[in-house]
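Subject: Structure handover

Hi,

Here is the structure I promised to pass on. Please open it next to this message; my notes follow below.

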Amino acid sequence: RRRRAEDSVMRPATTGNGVPVHVLVNVADPSDVDRIDIANCDGVGLMRTEFLFGKGLPDEKTQYLAYRTVLEWAAGKPVTIRTIDAGGDKPVPGFTVEESNPFLGLRGIRLSLARPEVFRVQIRALLRAAVHGNLKVMFPMIAVPEEYARAAALFAEEASNLAGAGVPHAMPPLGLMVEVPSVAIAPELFCDAAFFSIGSNDLTQYLMAAARDNTAVAALNSVTNPAVLRLIASVAAFGWLHDIPVSLCGDAGGDPAAIPCLLEAGLRDLSVAPAQLALVKAAIAGVAV
Ligand code: PEP
Ligand code: MG
């Protein structure tokens, strides 16, 4: 029995009617990958970098080594690293600010753009790490196209600084998280992005006006609400039509009860908590799309 479960987690995921689905993992601490066999997944769909900022602002070398560790572990499979998403449910001492409503405040890319001297350190570490694997970088909490453009311009500037200093580096594809409803509703404004990754945790809380960290409204905070699913399906359809890869990296991807709806909505790339890999692949195998 155990043997059969182990065998099935090693196989690439396919639906009951043979449609391939990519299943990637979400990681935070670079040591998370020690417990995962890269053969069992299609790469890293989300590396949350907040962990590195837990004890203050990490220097460029610390960040570079952390990103490089995960890229080398992935051995050529894609690794999507998200730039710092501080604020909201992820306060970072010495970086985030006191606010009356942190989920609607200076969070994610907003804070990074407000503190470019901190953001540039992470950008240089990512550009240098990019030579060690198949890196993609994505920005959290994008709400308007100007934020993406400003972040991409900082990447270009730092790449040219590194080139000037003769430091090895590479420019990764730059994408964005679809987790603020404005992006999901008007994705055509964001076609400069190389890819989209749906953050269903935040997209659901912002759409349903139900905080993700408040159990009293947990029933409202549901990815299978028809409005949420319709919005996810529209983003997936936009991606297919315009050749922009769309994945989903929120917790819904690891929920066997949500998986039939997410595949039905048109998604074929899910990034899930490593502990969910076997369950997710089994759930995918049980769906015909
Ligand atoms: C999300 O919002 O769905 C997501 C993946 O990001 P986080 O949970 O880190 O906010
Ligand atoms: Mg989020």
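A word on burial before the notes: a residue counts as buried if 20 or more other C-beta atoms lie within 10 Å of its own, and as exposed if 12 or fewer do. Anything in between is partly exposed. Please also keep in mind that this is a predicted model.

**Overall fold**

The chain has ten helices and eight strands. Its C-alpha trace spans about 55 × 40 × 35 Å along the principal axes. The radius of gyration is 18 Å; a compact globule of 289 residues would come out near 19 Å, so the two agree. Of the 289 residues, 43% are buried. Among contacts with a separation of 6 or more, 68% are between residues 24 or more positions apart.

Start with β4, residues 134-139. Five of its six residues are buried, so the strand is largely enclosed by the rest of the structure. On one pairing, β4 runs parallel to β3 (residues 78-82), with five bridges joining them. Pro78 stands opposite Asn134 of β4 there. β4 also pairs with β5, again in parallel, through three bridges. In that pairing, Val137 has Leu174 of β5 as its bridge partner.

**The annotated pair**

The UniProt record, an unreviewed entry, carries a "binding site" annotation that covers Glu179 and Asp202.

Where does Glu179 sit? It is found in the loop between β5 (174-178) and α6 (181-185). Is Glu179 buried or exposed? It has 26 C-beta neighbours inside 10 Å, so Glu179 counts as buried. Leaving out residues up to four places away in sequence, Glu179 touches Met141, Gly199, Asp202 and Leu203. That list includes Asp202, the other annotated residue.

Asp202 is found in helix α7. It has 24 C-beta neighbours inside 10 Å and therefore counts as buried.

**Away from the pair**

One more residue to look at is Ser222. It is found in the loop between α7 and α8 (226-242). With 15 other C-beta atoms within 10 Å, Ser222 is partly exposed. Ser222 and Gly175 are 47 residues apart in sequence. In space, their C-alpha atoms are 25 Å apart.

When you go through the model, I would take Glu179 and Asp202 together, as the record's "binding site" annotation covers both.

Best wishes

Definitions and conventions: Residues numbered from 1 in each chain as written. Chains lettered and ligands numbered in written order. Predicted model: local features only at pLDDT ≥ 70, side-chain atom pairs only at ≥ 80, totals over all residues. UniProt positions renumbered as here; feature names shortened; annotations may be inferred. Helix = DSSP H or I, 4+ residues; strand = E, 2+ residues; numbered from the N terminus. Contact = placed C-beta atoms within 7 Å. Rg over C-alpha atoms; globule rule 2.2 N^0.38 Å. Pairing = 2+ DSSP bridges.
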